[in-house]
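Take a walk through this structure, one contact at a time. Keep the sequence beside you as you go.

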Amino acid sequence: MPDTPNYKILLVEDEEAIREMLVFTLQRGGYEVIEAADAREAAEKLAEKPDLMLLDWMLPGISGVEFTQRLRRDSATRDLPIIMLTARGEEENKLKGFDAGADDYVTKPFSTQELLARIKAVLRRSHSLHANEVIEINGMELDTAGHRLRIEGRPLDLGPTEFRLLSFFMGHSERVFSRDQLLDQVWGDNVYIEDRTVDVHIRRLRKALAPFGYDRHIQTVRGAGYRFSRHI
Ligand code: CA
């Protein structure tokens, strides 16, 4: 039974046969589907306010990665959840996709079940972040409204900045954020803080998580910034 009504997915895929199959799958999963054959068409259809974008990596004209980068630079689409579709053999490109700002990726050929599970997980994470709910990743349970963190059931105290940093990371896992972006998102626009402050709080957060081995979720991406990865 579809349990996710009203969510709109923008599907960007140039191969018609695959697109039709995906439309069928997504509709069966209870989603409303907006179709686009390339990035240009997808850009126009963003006006229909999709809740998530399913984006093919290999597109004619503007590639999926380039399109993702553009969307992330625009404040209107910065938070749009994006799942990238890649073909097998392009898997080494998944990090490029994450670095560009994709929230997750699915490798073709994939099962219906896998695709729907990934979509549901990404929607839940992005929704939790805005609706003050509980985000759960690998046994870490973060209650954004109650400002509480539990690891494997045990409560863990974090400073307010570390808590906000972790909430932001858990709501945007797999994406790389520069120090500037983290300052903007976690500290807010009108604060003057040095980039180095981010490193200090990252260090504190890692130290708090280290006894549980969860500090490995927070990864340093050389020359780019930091990422929270679910895959450790
Ligand atoms: Ca394609």
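Start with Arg19, which is buried, because its relative accessible area is 13% and the cut-off for buried is under 20%. The model you see is predicted. Arg19 forms a salt bridge with Glu35, and their closest N and O atoms are 3.1 Å apart. Arg19 belongs to helix α1 (residues 16-28) and Glu35 to strand β2 (residues 32-36), so the bridge ties together parts 16 residues apart in sequence. Glu35 counts as partly exposed, at 33% relative accessibility.

Side chains of opposite charge can pair when their charged atoms come close. The whole structure holds 13 salt bridges. Another one joins Asp103 and Arg175, at 3.9 Å from N to O. This pair links distant parts of the chain, 72 residues apart. Asp103 sits in the loop between α4 (94-100) and β5 (104-108). Arg175 sits in the loop between α6 and β10 (176-177). Asp103 is buried at 6% relative accessibility. Arg175 is buried too, at 5%.

Move on to Arg118. Its side chain meets that of Asp104 in a salt bridge of 3.2 Å, N to O. Arg118 lies in helix α5 (residues 112-131) and Asp104 in strand β5, so parts 14 residues apart in sequence are tied together. Arg118 is partly exposed, at 24%, whereas Asp104 is buried, at 3%. Elsewhere, salt bridges that share partners join Glu13, Asp56 and Lys108 into one network.

Now turn to the nonpolar residues. In soluble globular proteins, nonpolar side chains tend to be buried together. The largest nonpolar core here has 27 residues, and Leu149, Leu166 and Leu209 touch the most other members. Helix α6 gives the largest share of this core, 6 residues. A second, separate core has 22 residues, including Met53, Ile62, Leu71 and Met84.

Which residues of α8 are buried? They are Val198, Asp199, His201, Ile202, Leu205 and Leu209. Helix α8 has 15 residues and spans 22 Å from first C-alpha to last, close to the expected 21 Å.

Finish with the aromatic rings, which form 2 pairs. Phe169 and Phe228 have ring centres 6.4 Å apart and planes at 25°, so they are stacked. Phe169 lies in helix α6 (residues 160-171) and Phe228 in strand β12 (residues 225-228), 59 residues apart. Both Phe169 and Phe228 are buried.

Terms used
Residues numbered from 1 in each chain as written. Predicted model: local features only at pLDDT ≥ 70, side-chain atom pairs only at ≥ 80, totals over all residues. Heavy atoms only, no water. Phe/Tyr/Trp six-rings, centres within 6.5 Å; stacked < 30°, edge-to-face > 60°. Helix = DSSP H or I, 4+ residues; strand = E, 2+ residues; numbered from the N terminus. Buried < 20%, exposed > 50% of the residue type's maximum accessible area, 1.4 Å probe, protein only. Core = buried A, V, L, I, M, F, W, Y, C linked by side-chain atoms within 4.5 Å. Expected span 1.5 Å × (residues − 1). Salt bridge = Lys/Arg side-chain N within 4 Å of Asp/Glu carboxyl O.
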